[in-house]
Amino acid sequence: MKRKIMKEEDEARVKKRVSSLLFTLANSMVGEIVWQTPANPPQRSDYIFHNGRRHVRPYYFEFIAHVKNRWAGKTIVDLFAEEFKGRPYEYYVDAVKCGRIQVDGEMVPVSYIVKSSQKISHFLHRHEPPVMAWGVKILKEEAEVLTVCKPASVPVHPCGQYRKNTVVGILEAEHGLAPLFPIHRLDRLVSGLLILARNASKADLFRQQIESGLVKKQYIARVVGVFPEAEQVVDVNINYNAREGRSTAEMVDSCANTPIKGKAAQTKFTRISSDGVQSIVLCEPITGRTHQIRVHLQYTGYPIANDTLYLTKEASGRSVEKTTADRAAAISNCSAACDIEEDCVNAREENWSEDFRIDPMCTNCPNLAPKGYDGEEEGLWLHCVQYSGPGWIYECPYPQWASLK
C-alpha cells in the first residue's frame, strides 16, 4: 500500500512537471512572457496616446475564477464557450491544448469535466478598451481624502475589460497614489467630482453617512428643450434591467394589483440657463438608483441632449441639429477642470510608433484596441459638481459644455 501511494505521488509530480514544460514550450513562440495578476500595479509606461485616446499597451494576464455550481459538469471548453462569448470556440480548444487554460494549476484535456470550486486560470494577451485621453485632475489632496475630476469614458475602478484604464489605475501609475477607496459611484460616461478615501476606515465613515441620507449630491446636465423655470421634483420608481443595461421609469397605479418591480427614486431639478434650444439643469438626486438622473430627465420630456440610450425619437428630432454642431467641440475641448495633459500626452504620443508584442493566439492582435471598439464614443453631458455632508463639502468646476453661448 505504501509503495502504491509513493508511486501515485511520483506520477503526480511527473505529470505536473510535464504540464509545466508543455506550457512553457507552447508559449515559447512569443519569447519570454511575464504574466501579470491584479497584484501588479499599473506603470506610466503602460499607456499609449493616439488620436485623442488613451490606450493600454497589451499585456499578458492571468484571469482566475472558481467553478460555480452551475458550471459544474460541463467540459472545460464548453464552459468557456458558453460563459465567455467574446472569443470563438476554436480559440478555447487551442487554449486548453497548449495550457493557456488550466484547472488547479495543471493542463487538462479538452474533454475534462469541471467540478465545483475548482480553480480555473486563463492566461491571455489582454487588450483593454481605450478611453478619452483627458487627464485625471487632482482637485484636493488631504491626509485621508483625495478628490479628482473624473473624465468621461473612464471607469472609476477595475471592472469588466478595464483594469489599468481606470481612474484608480491612472492615479497609481501617474501619481503613485495607492491604495484608494472610491466612496461613491459615477457611471463610466459621466464626468466630474469623485471622492476617494485614502484608507478603509475613512471610506467606511463616508459610506455610513451616504447610507444614512446625510450626504447631498449635485450634478448638472445639458438637456433638450427649454426646461421649466419652476423647480421640478420627480418621484418615480426606477426599474433596472441588467440584461439590457438600461433603466426605465415605472409608474405606480394605486388601483392596479400589478406588483412593483422598480425601486423608489426621487430627483429634484432646477433650471440654471437656457438658449431656447437646450438648457443647463441642476440635478439633485435624493436616492441613488442606476441611471436615475438620466431616466428621470427622460421622464420629464427633457432628456440629456447627447444621451443616445435615453433620447426619445421626438426629443432627438428637436435637438439633432444643435447636438451635431456641438459634438466636435465636446470631444476635442474638455473642461477647465479635466483638461488633457497636453505636454505629457505629446511626449508619449511617440509610443504609438513602437511595436507592441503580437501574440499569435490572440483574437485581438494586431489591433491595439479589442474588437468592438470603434473610437467614436463621447462623454455624456452629465457632470457631478458637489458632494456635501456633516462638516464637509467638496466641489468640482463646471465643464465647458455647461456654457450655452
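Predicted model: local features only at pLDDT ≥ 70, side-chain atom pairs only at ≥ 80, totals over all residues.
**Cysteines, cores and a sheet**

Biologist: What makes C396 buried or exposed?

Modeller: Its relative accessible area is 6%. Buried means under 20% relative accessible area, exposed over 50%, and partly exposed in between (1.4 Å probe, protein chains only), so C396 counts as buried. C283, at 0% relative accessibility, is buried too. Of the 405 residues of the protein, 46% count as buried.

Biologist: What makes a set of residues a nonpolar core, and which residues have the most contacts inside the largest one?

Modeller: The members must be buried Ala, Val, Leu, Ile, Met, Phe, Trp, Tyr or Cys residues, joined through side-chain atoms within 4.5 Å. The largest such core has 63 residues, and L171, I195, Y219 and L297 have the most contacts inside it. A second, separate core has 20 residues, including V67, A81, V93 and V96. As background, nonpolar side chains tend to be buried together in soluble globular proteins.

Biologist: Which residues does L171 touch?

Modeller: Contact means heavy atoms within 4.5 Å. Leaving aside residues up to four places away in sequence, L171 touches V136, I138, L146, V148, G176, L177, L180 and L196.

Biologist: Why are β4 and β5 called paired strands?

Modeller: Strands (E, at least two residues) are DSSP runs, numbered from the N terminus. Two of them pair if DSSP finds at least two bridges between them. Three bridges join β4 to β5 (residues 119-126), so the two strands pass that test, and they run antiparallel. Within this pairing, V103 stands opposite I120 in β5.

Biologist: What makes β3 and β4 edge strands?

Modeller: They belong to an open sheet of three strands in the order β3-β5-β4, with antiparallel pairing. Both β3 (59-66) and β4 (101-103) pair on one side only.

How values were computed
Residues numbered from 1 in each chain as written. Heavy atoms only, no water. Helix = DSSP H or I, 4+ residues; strand = E, 2+ residues; numbered from the N terminus.
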